[in-house]
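Visitor: I am new to this structure and would like to learn how to read its features. Could you show it to me before we start?

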Amino acid sequence: MEAETQGDWVAMVTARAPTNIAVIKYWGKRNQKLILPINSSISITLNPHDLSATTTVAVSPSFTADRLWLNGKEVSIEGDRYQNCLREIRSRATEVTDPKTSRIITKKDWESLHVHIVSKNNFPTAAGLASSAAGFACLVYALAQLMGVRERYKGEISSIARIGSGSACRSLYGGFVEWDMGKDDDGKDSIAIQLAEEKHWEDLVVIIAVVSSRRKETSSTLGMQDSVNTSKLLLHRAKEIVPKVMVEMRKAIKERDFATFARICCADSNQFHATCLDTSPPIFYLNDTSKRIISMVERWNKAEGTPQAAYTFDAGPNAVLFAPDKAKACELLSRLLFYFPPASDKKISSYVVGDVDMLAFKEVDSCFQPPEAEGTNCTRSFGELDHILCTRPGEGPLVLKDHLVDSSTGLPI
Ligand code: DP6
């Protein structure tokens, strides 16, 4: 925490939190207000260097209202989700002594002090990559640091991020994370639990294929509400299927068993999209490009007789692909570049982005020709993908030194 003494003081904390991608999907709530899910889920936290939110939370006696700036624009903080997170963190605030100035902010002070929140993503929101998970995880983590909130039980802070956005609870930890759906009506036991650190499965590579043309998609929140109300398949999935695949997926992660991981991951994504189709009115998140990526991976896996890569799709057409190691990731990238070459005006350096160095991928590798076993009657079409982002499993939230709020004005820098 840092405080300034010129005029009224400002104290602030800045944090960074990662995004995550579910490999066993959360879809459907049993309690809308508390965001309690109808099934448990598992995700992989993505490297925050490539995809993350950074948030500064500042307090000062001179602030007259809670205010929020997202990606450079002031937006309303009145929504229930923000208010619920703020209320829950404030109610757990403790006495904090600023290490620099020795100023004491008492538990009572926090009740009347207003916050200024400035948050930004290190990736364009237009890229269609989930930002609410990183955003709420970061907000709740930063507020908890600022207000001296100490967990009374493991996972308590993740349960507060959960009431901002369900998937946000999983971004409170790095590596491989489970969101236990819990049983309690008050949601106390609906928390994230780290299954393994990112280092546990270091070789795993994540490649995100961001598709170009995007129509307005049904939001996850509204989509899952319709699914819960109308899809019998979803209820069967939540009750009968997910509990079993959770056990298998935990084991596959523990044993770094890529073949089992890939099989469950692809099947779960396809089943989630089947429940979307089983919703009335049906929801279509996958488009033709998404389906072509699925067949590309399926053809390759079939030709080799064992999974070479896995795919998963959230509430949108972008593919998140996994490869067991760097060599396979290069082969996967070669295939993507062959079947989905960039638009003619795009350079490869702005087409393949993120942690490209880790792959040591050379342009020569891109002279790929599909082996006969994978089918030769394949089409290539330019510009279907906007870009391809290379990343890997990453760490959880942490506190940063550089702030996004000016300590003399209390406004965004
Ligand atoms: C398809 O967490 O965005 O990404 O809880 O209503 O904020 P709310 O929904 P959200 O839903 C994410 C759905 C998903 C699957 C997943 O991340 O598990």
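Predicted model: local features only at pLDDT ≥ 70, side-chain atom pairs only at ≥ 80, totals over all residues.

Visitor: How do β3 and β6 pair?
Guide: The general idea comes first. Strands of a sheet pair through backbone hydrogen bonds, and the pairing is either parallel or antiparallel. In this case β3 and strand β6 (residues 41-45) pair in the antiparallel sense, over 4 bridges.

Visitor: Now a strand with two partners. Which strands do bridges join to β8?
Guide: Strand β8 (residues 67-70) is joined by 4 bridges to strand β12 (residues 114-121), and these two run parallel. Another 3 bridges join β8 to strand β9 (residues 73-75), this time antiparallel. Trp69 can be followed in both directions: Val118 is opposite Trp69 in β12, and Glu74 is the bridge partner of Trp69 in β9.

Visitor: How many residues lie between β8 and β9?
Guide: There are 2 residues between them, and the two strands form a hairpin. In the turn, Asn71 has a positive phi of about 45°.

Visitor: Let us turn to helix pairs. At what angle do α6 and α7 pack?
Guide: For a pair of helices, look at the angle, the distance between axes, the handedness and the residues in contact. Helix α6 (residues 232-254) and helix α7 (residues 258-277) pack at about 165°, with axes 10 Å apart. An angle over 145 degrees counts as roughly antiparallel, which means that α6 is roughly antiparallel to α7. Their crossing is left-handed.

Visitor: Which residues make that contact?
Guide: From α6 they include Leu233, Leu234, Ile241 and Met249, and from α7 they include Phe261, Ile264, Cys265 and Asp268. By class, the contact of α6 with α7 holds 11 nonpolar, 3 polar and 4 charged residues.

Visitor: How are α8 and α9 placed, and why are they called oblique?
Guide: The axes of helix α8 (residues 288-304) and helix α9 (residues 326-339) come within 11 Å and cross at roughly 130°. In α8, Arg292, Met296, Arg299 and Trp300 meet residues of α9, among them Lys328, Glu331 and Tyr339. The residues of this contact divide into 5 nonpolar, no polar and 5 charged.

Visitor: Into which domains is the whole protein divided?
Guide: The division is into domain 1 (2-197) and domain 2 (205-391). Their C-alpha centres lie 29 Å apart. The contact between them takes 28 residues from domain 1 and 43 residues from domain 2.

How values were computed
Residues numbered from 1 in each chain as written. Heavy atoms only, no water. Axes fitted to C-alpha atoms, helices over the stretch in contact; angles between N-to-C directions. Parallel < 35°, antiparallel > 145°, perpendicular 65-115°, else oblique. Left-handed = near helix turned anticlockwise from the far one by under 90°. Contact = heavy atoms within 4.5 Å. Nonpolar A, V, L, I, M, F, W, Y, C, P; charged D, E, K, R; others polar. Pairing = 2+ DSSP bridges. Domains from an automatic or database assignment.
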